[in-house]
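Work through the following exercises with the structure in view, and try each task before you read its solution.

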Amino acid sequence: MSEKVERIKCLIIGSGPAGYTAAIYAARADMKPVIYTGLEPGGQLTTTTEVDNFPGYPEGIDGPSMMVQLQQQAERFGTEVRIGMITSIELSKEVGGIHKAVVDSVTPIEAESVIISTGATAKYLGLPSEQRLRGGGVSACAVCDGFFFKGQEVAIVGGGDTAAEEATYLANICKKVTLLVRKGEMRASKAMQHRVNNTSNLVVKYFTEIEEVLGEQVVEGLRLVNNQTGEKEQIEVTGLFIAIGHKPNTDIFKGQLDMDETGYIITQGKSTKTNKPGVFASGDVQDKEYRQAITAAGTGCMAALDAERYLAAVESKEEVEA
């Protein structure tokens, strides 16, 4: 005889600012939330050294410490945090339906409501020197980390709107910005290219790729190569920003939830509701515009409130039918 499958009232998938904020609100509403942390407990902030722009921390805080505090706050109200990954899920199409998931490809569980906060993963170049210096001058978020390079010379990689926008943002606070574009032209809109070309301390290098990030403990420079001529050069910078896109962590939901062309979950109106009843999406998994810890936390709050209202409506319906 098989063991009875555990049923969870509110299942939260992912443990960044969105997931933990959702847990805080869900726990206070007596929804008994259970969080599965995923492969990166705490999300992208655990790879960030200093967080200076999250309200309530006048002296700043390092990313990992902030995530520990958010976890402790969620647990204080009764959230159960579990180390594990939801590897597959079958979402119900019915209002009041039960969603079936599998943890670590082994353990089946059921959920009355699901909050998705699996985030998005920044794309990197894949260079060993780049990975070694992440947190030591290599960053995938100019808005998050640009302040630490105020008055310094930095470089940014990318050719799209995000790269152009972040390059001009950096140019406002840095001495000099070098934008490295792999092709002979940018993919960014004409308006964004115009801004780039009219920023005096912003230099664009086309047909340029990074061969190596230089420095032992922190970024000290870059070795570049022209992919047309093979000519190499070395430039001195103290920061390197990667702006070649993000990949939303939504693979297990494909074919079940409405997504845009790049895989971000589409939510309804100003809510966190997806196209499946009782399933809500928060944080970077549904936000490709802002991608900040504070906006992720805000949508985590929204998702918990949406889930609470959904469960209350289902319970009222069941009482009427009974």
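**Exercise 1.** Determine how far apart the mean positions of the positive and negative charges of the protein chain are.

*Solution.* Begin with the counting rule, under which Lys and Arg are positive and Asp and Glu negative, while His and the chain ends are not counted. Each charge is then placed at NZ of Lys, CZ of Arg, CG of Asp or CD of Glu. The protein chain has 32 positive and 43 negative charges, and their mean positions lie 4 Å apart.

The model is predicted, so local features need pLDDT of at least 70 and side-chain atom pairs count only at pLDDT 80 or more, whereas totals for chains, interfaces and linings use all residues. Residues are numbered from 1 along each chain as its sequence is written, and side-chain values use heavy atoms, with hydrogens and water left out.

**Exercise 2.** Decide whether Gly-159 is buried or exposed, and describe its surroundings.

*Solution.* Next apply the cut-offs: buried means under 20% relative accessible area, exposed over 50%, and partly exposed in between, with a 1.4 Å probe and protein chains only. Gly-159 is buried because its relative accessible area is 9%. Finally, leaving aside residues up to four places away in sequence, Gly-159 touches Val-181, Met-186, Arg-187 and Ala-188, a contact being heavy atoms within 4.5 Å.

**Exercise 3.** Find what share of the 322 residues in the protein chain is buried.

*Solution.* By the burial cut-off already given, buried residues make up 50% of the 322 residues.
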